[in-house]
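Look over the sequence and the structure first.

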Amino acid sequence: QLQLVESGGGLVQPGGSLKPSCAASGFSLENYDIGWFRLAPGKEREGLSCISPSGGSTSFSVSVKGRFTISRDNAKNTVYLQMNNLKTEDTAVYFCAAVDPLSTYHCDSPGILGLKYDYWGQGTQVTVAS
């Protein structure tokens, strides 16, 4: 059974950093494009970043570009989202998701589109507050 599990969220002060992880079980992540998304109260789900299976292609939303980086360790079956210079408006539940390898959608396709992702984790809460 395909399963994604996020961890590494928490409470951090503005300007701080967090590095949530997305671990896969039941399958190998190495053939999957992986994306990170967030959902804040009263807002629509936002696509933040994605990474290709090899890690050679990444993409970021305007809201996080320059502050967040994405990486993967296929040997550990894990994808990471390094979040720096966090702001109060970054407070949200963060999700990772995977695109089925048979899909024609990939990380280098235009836009980080949640509807194109097939498998989702349960999310990890990130709260930025002083």
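Buried means under 20% relative accessible area. By that cut-off, both Cys50 and Cys107 are buried. The model is predicted. A search of the whole structure finds two disulfides.

**Disulfide of Cys22 and Cys96**
- Cys22 and Cys96 form a disulfide, with sulfur atoms 2.1 Å apart.
- This link of Cys22 and Cys96 is right-handed, with 70° about the S-S bond.
- Cys22 is in strand 3 and Cys96 is in strand 9, so the pair ties together parts 74 residues apart in sequence.
- Cys22 counts as buried, at 0% relative accessibility.
- Cys96 also counts as buried, at 0% relative accessibility.

**Disulfide of Cys50 and Cys107**
- The sulfur atoms of Cys50 and Cys107 are 2.1 Å apart and form a disulfide.
- The torsion about the S-S bond is about 80°, so the disulfide of Cys50 and Cys107 is right-handed.
- The pair links distant parts of the chain, 57 residues apart: Cys50 sits in strand 5, and Cys107 in the loop between strand 9 and strand 10.
- With the bonded cysteines numbered in sequence order, the pairing is 1-3, 2-4.

**Nonpolar cores**
- The largest nonpolar core has 26 residues.
- Leu4, Trp36, Phe68, Val79, Leu81, Met83 and Tyr94 touch the most other members.
- Several strands each supply at least two residues of this core, among them strand 3, strand 4 and strand 11.
- Strand 9 gives the largest share, four residues.
- A second, separate core of eight residues includes Cys50, Val99, Tyr105 and Ile112.

**Contacts of Phe68**
- Beyond four places away in sequence, Phe68 touches residues including Arg38, Leu48, Phe60, Asp90 and Tyr94.

Terms used
Residues are numbered from 1 along each chain as its sequence is written. This is a predicted model: local features need pLDDT of at least 70, side-chain atom pairs count only at pLDDT 80 or more; totals for chains, interfaces and linings use all residues. Side-chain values use heavy atoms; hydrogens and water are left out. A nonpolar core is a set of buried Ala, Val, Leu, Ile, Met, Phe, Trp, Tyr and Cys residues joined through side-chain atoms within 4.5 Å. Buried means under 20% relative accessible area, exposed over 50%, partly exposed in between (1.4 Å probe, protein chains only). Contact means heavy atoms within 4.5 Å. A disulfide is a pair of cysteine sulfur atoms within 2.5 Å.
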